[in-house]
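Subject: Structure handover

Hello,

Please find the structure below, for you to take over. My notes on what was found in it come after.

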Amino acid sequence: MKKIATLLSIPVALVVAWGGTSWFVGQQTETTVRQFIDQQNQQAAGRGVVQELVSYEKSLLGGKAITKLKFDMPPFNEAIGEVQFINDIQNGPIFLGGGSAVQFGSSRIHTQVDMEALDAEKRQALNTLFAGKAPLDGHTVIGFGGDTSFNFTVNPLKFAEEGTNVSLDGVHFSGDYGADMAGDVDVHMGKFELKDATTHMQIPSMDVTGTMTGMVAGQVLGSFDMQAPQVSILAEGTTEPVLFDLAVKTNSDVQNNEALGSMNFSVNNIKGVKDTVTKVNYQLEFAGLNVDGLKEVSQLQAEMQNTLSQTDWNAEAMETPEGQKKQQELMEKVSKNSEQMIGLVFSKVLKTGKSRLHNVLTAESPKGKLNADVDLTYTGQGAPSMTDLVAFGPNDWAKMMQGKVLLDADKAMLPEGTEMLLMPLSQQGLLKIEGEKVKSDVTLAGENVTLNGQQMTFADFLHLLAPDAGAGAAGMGATPDADGSAADLGIPADLMERIQKEGMTPEVMQALEESDDVPPEALEMFKQLQQMEQSMKAAEEPAADAKK
């Protein structure tokens, strides 16, 4: 009898242990869900999409989490607004059923759209769009060490209204990642088709594979590869569609607290454009961006987006003094944040001699090739304010960057009539036309520039590019200083010195208005700058009073 009782107690003990373990991991799941939402919000900061955990109900062997996705930017804020999701949670350590084999982990989450939370109109629209099927079906397994694997499916959809037809054969995305956001992701999109009165576009399929190595400043680090072969676009009035293979590859990393990476965008096997171009490739490389500065920029972007989402300029909101005051305060805050953004970029993101941007554009056709290469490195010092930037002259900008600009193109590749347009640029020395080639070679070295072998100042080079804007004073009717400084705006030297020392005070503004030597364009620019500064100060005063 005692032996039988002992044997019977074994399954009872296992059930108790299962229940205890499930209760414990259930406590951990809520923390994991909250961390996941925080990570997603960091990644989406400034993009008009915010997630939130509406509620979390615990039970012995599982629970239910209600999450919400909110869209703050048009057009999705008006068309969708917000969508709520039901997440049914089953606690481990062992999972049975659920459409999969035996699994081990702390929690398994089944995610679907909360259709009952939608109003009747949106619910009917989704039912029609997805032919009565669930829009989304997702499964997530959280491992004991915090590792997460996921498998989500967006069901096929069809839309037809007012002559516009849209269809999608569904999207499937899956992957796994750890607590540090490192892992793999795979996305497959079925056939997408859009047809209206003017355009018929088809994407037979699109695949994205990626390896995540972490996240910084809301951005996922790693390498990603997107392929969309045989994209087709048939425009109105044409009988032959444009066909091409689209591919995008990105790579990003952090080394020595500096962000670096690359992006390659290519369109290959182009057909249907009368052999004008058969291949286009754009490549971007960046390096030397301070990670701490990028984090602050990301936070400020989120703050600006939050402020913008509160603005409402419709007649109802603006018909009362209180409404007008609120909207004005919000816009003053956005203006202040814009000034802060400029300061952050120059003081904490860009690194002198290290921050680099390299752009390369290549194109090919049966008639020839084109190559444009722009490689620039930041060489500026300090953190210029918006006032400083507005007052910058050519040589002030010259001190901000160094590098090379190269162009090499076959004339035959350029559209007919282009050669006549290039003649003035050739006569100015900006371009060299050598036989069947069009070339340009520019070396920027501070205040000195080498243009196709000819030495000149940056101010003279800028004047060649834009005669009415390059040497600011020349475009405003005044003679620029020899050094191409900020006085090129046409402002007398004594007044420019006051602006730099005192800022846009009422006294300085009055002196500018009374001077006969200040160009009208410059005066108007400084009036706008003064108004911006006054708005920023007005926005700061309530905050300062609140702290007292």
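The model is predicted, so please read everything that follows with that in mind.

Overall picture

The chain has 548 residues, of which 36% are buried. It contains 14 helices and 26 strands. Of the contacts between residues at least 6 apart in sequence, 51% join residues at least 24 apart.

Strands β19, β20 and β21

Strand β20 (residues 356-365) pairs with β19 and also with β21. With β19 (residues 279-290), β20 runs antiparallel, and nine bridges join the two. One of these pairs Tyr282 with Leu361 of β20. With β21 (residues 368-378), the pairing is again antiparallel, over 10 bridges. Here His358 has Asp375 of β21 as its bridge partner. Two residues lie between β20 and β21, and the two strands form a hairpin.

Salt bridges

The whole structure holds 11 salt bridges. Three of them are described here.

Glu82 pairs with Lys68, with 3.3 Å between the closest N and O atoms. The two residues are 14 apart and link distant parts of the chain, since Glu82 is in strand β3 (residues 82-91) and Lys68 in strand β2 (residues 62-71). Glu82 is partly exposed at 37% relative accessibility, whereas Lys68 is buried at 16%.

Lys351 and Glu258 form a salt bridge through their side chains, at 2.9 Å from N to O. Lys351 is in the loop between α6 (321-349) and β20, while Glu258 is in strand β18, so this pair ties together parts that are 93 residues apart in sequence. Lys351 has a relative accessible area of 23% and is partly exposed; Glu258, at 13%, is buried.

Lys439 and Glu434 also form a salt bridge, and their closest N and O atoms are 4.0 Å apart. Both ends of this pair are partly exposed: Lys439 has 28% relative accessibility, and Glu434 has 40%. Elsewhere, salt bridges with shared partners join Glu258, Lys351 and Lys354 into one network.

Helix α13

Which residues of α13 are buried? In this helix (residues 506-514) they are Val508, Met509, Ala511 and Leu512. Viewed down the axis of α13, these buried residues fall within an arc of 160°, so they line one face of the helix. The face turned away from the buried side carries the exposed residues Pro506 and Glu514. As background, an α-helix has 3.6 residues a turn, so residues three or four places apart point the same way.

Most residues other than glycine have a negative phi.

Asn256 has a positive phi, near 55°. It is located in the loop between β17 (242-255) and β18 (258-271). With a relative accessible area of 75%, Asn256 is exposed.

Asn452 is not a glycine either, and its phi is positive at about 50°. Its loop runs between β25 (448-451) and β26 (454-457). Is Asn452 buried or exposed? Its relative accessible area is 18%, which is under the 20% cut-off, so Asn452 counts as buried.

Lys191 is in the loop between β12 (182-189) and β13 (192-195). It is partly exposed, with a relative accessible area of 33%. The C-alpha atom of Lys191 is separated by 5.7 Å from that of Ile203, a residue 12 places away along the chain. Beyond its neighbours up to four places away in sequence, Lys191 touches Ser167, Leu168, Asp169, Gln202, Ile203 and Pro204.

Ser232 is in strand β16 (residues 219-235). This serine is buried, at a relative accessible area of 12%. Leaving out neighbours within four places in sequence, Ser232 is in contact with His200, Met201, Gln202, Pro241, Val242 and Leu243.

Regards

Definitions and conventions. Residues numbered from 1 in each chain as written. Predicted model: local features only at pLDDT ≥ 70, side-chain atom pairs only at ≥ 80, totals over all residues. Heavy atoms only, no water. Helix = DSSP H or I, 4+ residues; strand = E, 2+ residues; numbered from the N terminus. Buried < 20%, exposed > 50% of the residue type's maximum accessible area, 1.4 Å probe, protein only. Contact = heavy atoms within 4.5 Å. Arc of directions from axis to C-beta. Pairing = 2+ DSSP bridges.
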